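This report looks at a protein together with a ligand. Please have the sequence and the 3D view at hand while reading.

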Amino acid sequence: MCGIVGYLGKHDTKGILLDGLKELEYRGYDSAGIAVLQGDEFSYFKAVGKLVNLEAKTAGFSTSGFAAGIGHTRWATHGKPTEINAHPHLGESSYVVHNGIIENYQELKNALVAGGVHFLSQTDTEVIVHLFESLMNSGMEPMQAFRETVSRLKGAYAILLITKQMPDTIFFAKHGSPMIVGVNESDEKFFGSSDAALIGKCNRVVYLEDGQLGFVSRTGIHLENSNACVVPRFAALPESKLAAQKEGFRFFMEKEIYEQSEVLSDTLIGRLADEAIVFDELDPSLLDGINEIKLCACGTSYHAALASSYLFERLGKIRTSVEIASELRYKEPLLCSDTLFVAISQSGETADTLETLKMARAAGLKTLVICNVDNSSMVREADAAILTRAGIEKGVASTKAFATQMVVLWMFSLYVAQTKGAIGTQAMREQIALLREIPAVVKVDDGLHERIRRLSKRYLHGHGFFFIGRDIFFPLALEGALKLKEISYLHAEGYPSGEMKHGPIALADPELFTIALMPKNLLYDKTKSNVEELSARDATICAISDTPFEKADDFIPIAAHAHYMPEFFEMMVVLQLLSMEIAIRLGNDVDMPRNLAKSVTVE
Ligand code: M6R
């Protein structure tokens, strides 16, 4: 995820910008850059990869006296992670950094190109600086040109811009992406896309609101909204960096649950056309000669694999098997060259999954990895990779990583279908429309969260939990049970609803808690019968559905949807919140559960 910093003042501009960028590193990025304007002289530096590369490039550079500086860590969306695509982007005499997406950039770019402007990068951001300069060239003053530029942008943005036409000034605008302006006693001005970049540097900040723009100069802050001046409303800055990174949430897990809507939008960007799935990162020949898909992973990633196997067969019409990596390693599997081996991993470093990937390669299979971490061992090992774009996940319990894996796997099942001609245009359109719904579906509703928080107090004991579901909701039940057990330390199992009567129903009594996933759009009546069987034996039932179920002791409502995939994603959020609230009530460290590590690099 991108990060922005800015500084206007007379101290060590380079050092302040690099420090600020370091504080934003946790968000994940693949390139970085800074631009500094001193008088009418610009210096700029960009580097691909980690900040140490940028530090190395700026080693011989320093500022003395007053300067305006902007910096950025870029997490690629439009265009590859190259130096040219890294921010800041240059016009003739101005530099810009930007977070978010300019949705109408192509339209703006076409008009600028027609007017003779030359673009260097593949980014959406570059249009901002060229549009600004073309408006100035048409006779506008810098602030007027900046205001006009911002008014023509559609999408989400946080922008900083510096220009020789008005040195000692930083222009800013915010709409849909966070931006904070800070000041200190020495009248220095700071910018950050998150508190973390500002802590220790200033004590009073303005959290910009959508639609606000303006500039900072030696004399103060000019802030406006819809052409009217606004008096900046200052707030005190939190003192703890860790607390700042949590952005007001109690735990990283909670923050990451709430982030899912945003990261899923990132996962989808550029990958959905009207009637097709677009994976620019895949060679079109990847599926040549492929008749089977073998999905392999551990833990939560295994649950994503298992859930998606229903989609690969149902939508992709391709034979699909799923393997737990630690099992596959030693079972002497028959690996055939017409199988595409797909490893799924948040970290890209899990030892067992990595080894199976190597085994598959050694057996001559084509390999694909679905991963959240670029340049991880698995991404480097596989023939092809699709990045899930979840940003750094800090909570040990995977939440947004699972959500993004599911969306990528769903899209990949459709990609298989389109490549093999197994899906019609209308069906593809419907699937794409569903995919587009998901970021809104996973937005956490405050009322729902509060209901789950209140309900959680009834589930702190008992002799065990069964999470049950059918079809794709069975792997979701497995994931719900894993979430609960890893952070609450309560025993929980995921089970297919229809299997309960083949043994586990013997455990049924009021102290057996059953969390029943009852989607309206998939096998509802069958699941209902299974839950009734448990209810008849006095098990305590918590039903999750859009339809109240009279035999349930507790009911968590989800919105009514016309398809089971939105139901899947909404129930996923419910299960994440439920396990987190139970664990919080039990006083556990939700982010760092006992005995667990985020990345399991041992066998
Ligand atoms: O990084 P990976 O996805 O390969 O990790 C695999 C598992 O260790 C991981 O999914 C684990 O089960 C989750 N963190 C649990 O929430």
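**Domains**

The model is predicted. Its protein is divided into three parts: domain 1 covers residues 3–242, domain 2 covers 247–441 and domain 3 covers 444–587. Between the C-alpha centres of domain 1 and domain 2 there is a distance of 34 Å.

**The ligand site**

Which domains each give at least three residues to the shell around the ligand? They are domain 2 and domain 3. There are 15 residues around the ligand, and those that come nearest are S301, S345, Q346, T350 and E486. By type, the shell divides into 5 nonpolar, 8 polar and 2 charged residues.

| Residue | Part of the residue | Distance to a ligand oxygen atom |
|---|---|---|
| T300 | backbone N or O atom | 3.1 Å |
| S347 | polar side-chain atom | 2.7 Å |
| E486 | side-chain N or O atom | 2.6 Å |

Taken alone, the ligand exposes 410 Å², and the protein buries 91% of that area. Helices can be named here as well: α9 (299–314) and α16 (473–488) are the elements that give two or more residues to the shell around the ligand.

**The nonpolar core**

In soluble globular proteins, nonpolar side chains tend to be buried together. In this model, the largest nonpolar core has 94 residues. The members that touch the most other members are I277, W410, F412, F465, I472 and F569. Helix α18, residues 564–585, supplies the largest share of this core, with 14 residues. At least three residues of the core come from each of domain 2 and domain 3.

**Two helices**

Why is helix α1 (residues 13–23) described as largely enclosed by the rest of the structure? The reason is that 9 of its 11 residues are buried. These buried residues are T13, K14, G15, I16, L17, L18, G20, L21 and E23.

Is A351 buried or exposed? A residue counts as buried under 20% relative accessible area. A351 has a relative accessible area of 13%, so A351 is buried. From A351 to P178 the separation is 173 residues in sequence, and their C-alpha atoms are 37 Å apart in space.

Key:
Residues are numbered from 1 along each chain as its sequence is written. This is a predicted model: local features need pLDDT of at least 70, side-chain atom pairs count only at pLDDT 80 or more; totals for chains, interfaces and linings use all residues. Side-chain values use heavy atoms; hydrogens and water are left out. A residue is near a molecule or strand if one of its heavy atoms lies within 4 Å of it. A polar contact is a pair of N or O atoms within 3.5 Å; within protein, one must be able to donate a hydrogen and the other to accept it, and residues adjacent in sequence count only if both atoms are side-chain atoms. Accessible areas come from the Shrake-Rupley method with a 1.4 Å probe; for residues, only the protein chains shown count as cover. Helices (H or I, at least four residues) and strands (E, at least two) are DSSP runs, numbered from the N terminus. Ala, Val, Leu, Ile, Met, Phe, Trp, Tyr, Cys and Pro count as nonpolar, Asp, Glu, Lys and Arg as charged, and the others, Gly among them, as polar. Domain bounds come from an automatic or database domain assignment. A nonpolar core is a set of buried Ala, Val, Leu, Ile, Met, Phe, Trp, Tyr and Cys residues joined through side-chain atoms within 4.5 Å. Buried means under 20% relative accessible area, exposed over 50%, partly exposed in between (1.4 Å probe, protein chains only).
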